[in-house]
Amino acid sequence: MPGLSGHPTLRRLLCGGLAGGPRLCARPNSGCPSWTRERTLVAVKPDGVQRRLVGDVIQRFERRGFKLVGMKMLQVPESLLAEHYHELRRKPFYPALISYMSSGPVVAMVWEGPNVVCASRAMIGHTNSAEAAPGTIRGDFSIHISRNVIHASDSVEGAQREIQLWFQSSELVDWADEGHHGSAGPA
């Protein structure tokens, strides 16, 4: 029987489903297998690319033990952004968001590892840079809520949807990660 953190509703609450509220991460019960083939989309936004922060972001994810399975740099078409941000289309900031996200290159990545969705949300920090804790990516690098360096999927379901939007399956690479216990799958 999977741990409670595997339950979608509880996982959403624990990993950031409450807007503006604190985000907590829960790991599966230690009696359960710790490996799940969980993946998340992480994108360094135009301000992060322009400020040459891509390497810093990659380094943090690698040091955490996550496995990079897909990466590309692109000038994001407005059609992709409209699909990605479809839930925000009625918000007053939506036109500015689309304009900003299409203003420069974005580096999109897919990271894999145990609890990678929840852990990546904790690593990037609060959307509002004024509230992002020091040591998080946004806490260390973000200047303003509208220029917050990075995007990461907010749920396992959201990650699956976003990865399918941003990547063809042929662009994702399965590779053995035998040197790191934190992200190595079962043999």
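This is a predicted model: local features need pLDDT of at least 70, side-chain atom pairs count only at pLDDT 80 or more; totals for chains, interfaces and linings use all residues.

Trainee: Which residue in strand 3 does Val44 stand opposite?

Mentor: Pairing is read from the bridges between two strands. Here, Val44 stands opposite Val107 of strand 3. Strand 1 (residues 39-44) pairs with strand 3 in the antiparallel sense, over six bridges.

Trainee: How many bridges join strand 2 to strand 3?

Mentor: Strand 2 (residues 67-74) is joined to strand 3 by seven bridges, and these two strands run antiparallel. Within strand 3, Val110 is the bridge partner of Gly70.

Trainee: How many residues of strand 3 are buried?

Mentor: Burial is judged by relative accessible area, with buried meaning under 20%. In strand 3 (residues 106-112), seven of the seven residues are buried. Val106, Ala108, Val110 and Glu112 point one way, while Val107, Met109 and Trp111 point the other way, and all are buried. For the chain, buried residues make up 46% of the 187 residues.

Trainee: Why is Met123 classed as buried?

Mentor: Met123 is classed as buried because its relative accessible area is 11%, and the cut-off is under 20%. Met123 lies in helix 6 (residues 116-124).

Trainee: Which residues is Met123 in contact with, leaving aside its neighbours within four places in sequence?

Mentor: With those neighbours left aside, Met123 is in contact with Arg60, Phe61, Arg64, Phe66, Thr136 and Ile137. For the chain, residues 24 or more positions apart account for 78% of the contacts with a separation of 6 or more.

Notes
Residues are numbered from 1 along each chain as its sequence is written. Side-chain values use heavy atoms; hydrogens and water are left out. Helices (H or I, at least four residues) and strands (E, at least two) are DSSP runs, numbered from the N terminus. Buried means under 20% relative accessible area, exposed over 50%, partly exposed in between (1.4 Å probe, protein chains only). Contact means heavy atoms within 4.5 Å. Two strands pair if DSSP finds at least two bridges between them.
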